[in-house]
Amino acid sequence: MKSLKKCTGLITSAVLAGSMLASCGNTRYGLVVDNEEIKAGVFIFYTITSYYDATQIVAQNGTDVTNVKNVENAVIDGISSTEWIQNKATEYCEDFVAVNKKFDEIGAQLTVEEIDEIEATKAYFIETNADLLKNNGVGEESLQQVIEYDYKWKYVFDHYYGFESENGMSEDELKDYYEENNARVKYLEISLKDTEGNLLKGTEKSEVIKMANDYAKRINEKSSVMNKLYEMNEVIDDYNEYVEEKKAEAAAAKGSTTAVTTTTTAVTQSGNITTTTTTYPYKNEVIVNRVTETTPAVTEKAEQNPAGEAQTTTTAPANTMNYFPSKKTNEHIFTNAKMGVAEVIEEAEYVYVILKADIRERMTAEDLWNESKIESLQLENYEDDFADFLDTITNQYEVKKNKSSYKRYSPFKLDLEVKN
């Protein structure tokens, strides 16, 4: 199954596209797909894109992919990296044709604003990557085609899998999906280890757990959820002061004036979360993803919060179970946690004070329910389906490879160094 991503990301990573400025013989085109010639520059773009796809696979076993030779000598899916890359580039070109045909078929048109954006993007890449483009013999016409493709891809995707489309969810259904799989949480993580990293026992452990319960009681004494959220911030600040005091005491006990590192931490960034950094009501909040055996952690795109301050995203490796803050606590948040009530969850090494709030309150166009979030959720649900849909189209195409172009523009004959 192909998983064809939006081309903006591909351009950003590969920064390559274009038609040959000086063609030679029949290498002015790379291949013919369904009777349509693919310009050499477009073929080169997807060859470079496929090279970076290959580096991600090769890097999984620890190979240093900054050394191009290591990628060139690799074997992927039982074939040489060169063959794998060119096969992948061919698939990209097939989808390129399918999307362009569907774009015309559904009667879509780029807006004036989109055309301006495309021109600006093209100008930016020409200005910032002139040498690299020149080294690979790429030109403006193909560069424009692959940038346009990004927009056309979205039009076709939305037509089949967007709101109220034949196959997609309605906006209300997508909101329900998001709410079911994400939680708005403030939490405090308290270590059950001493400054040496040893697990606490007996009275020392009991005192820490009592402290967590006292924090929860203090929060729950507030009359409204809003005030509880405020109080949670105060609790986190108080706990941070407590940690600093313990560090100072440990340093003094050792006769040192140097701060001692402790494993006890306050709100930490871990797992697949988005940490906000605004003033109330979003200070110290995280959006926690539900993690199950069939739905491992999903990467979220960093966004801007209402105050214009950057949010931070921590991502997990693909296809890994990335429970946050931990498996037990993550499951509690989505199965038993009471909305607007501070609760204490004790585990082997940590005790958590958790406060779950209504995520719907933040699902506005200015905050979590913005265009970027909607797009990422739709892709999360339907990108593979859309790839399968394109497969049903491209499987019917006749593909004629230009052997001269595949030889001349073999991936490891190209300039593969992307300079930032």
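Q: How do helices α8 and α12 stand to each other?
A: This is a predicted model, where local features need pLDDT of at least 70, side-chain atom pairs count only at pLDDT 80 or more, and totals for chains, interfaces and linings use all residues. Residues are numbered from 1 along each chain as its sequence is written, and side-chain values use heavy atoms, with hydrogens and water left out. The axes (lines fitted to C-alpha atoms over the stretch in contact, with angles from 0 to 180 degrees between N-to-C directions) of α8 (171–181) and α12 (371–394) cross at roughly 80° and come within 11 Å. The angle falls in the class from 65 to 115 degrees, and the two helices are therefore roughly perpendicular.

Q: Which residues of α12 meet α8?
A: Contact means heavy atoms within 4.5 Å. On the α8 side, the residues are E171, L174, Y177 and Y178. The residues of this contact divide into five nonpolar, two polar and three charged. On the α12 side, they are K373, I374, L377, Q378, E380 and N381.

Q: Is T364 buried or exposed, or in between?
A: T364 lies in the loop between β10 (350–357) and α12. Leaving aside neighbours within four places in sequence, T364 is in contact with W369 and N370. Buried means under 20% relative accessible area and exposed over 50%, with a 1.4 Å probe and protein chains only. T364 has 30% relative accessibility, so it counts as partly exposed.

Q: Which residue in β2 does L31 stand opposite?
A: Strand β1 covers residues 29–33 and runs antiparallel to β2, with four bridges joining them. The residue in β2 opposite L31 is I38.

Q: What is the angle between the axes of α2 and α4?
A: The axes of α2 (40–59) and α4 (81–105) come within 8 Å. V42, F43 and Y46 of α2 are among the residues that make the contact, as are W84, I85 and K88 of α4. By class, this contact has 12 nonpolar, three polar and two charged residues. The crossing makes α2 oblique to α4, at roughly 125°.

Notes: Angles under 35 degrees count as roughly parallel, over 145 as roughly antiparallel, 65 to 115 as roughly perpendicular and the rest as oblique. Ala, Val, Leu, Ile, Met, Phe, Trp, Tyr, Cys and Pro count as nonpolar, Asp, Glu, Lys and Arg as charged, and the others, Gly among them, as polar. Two strands pair if DSSP finds at least two bridges between them.
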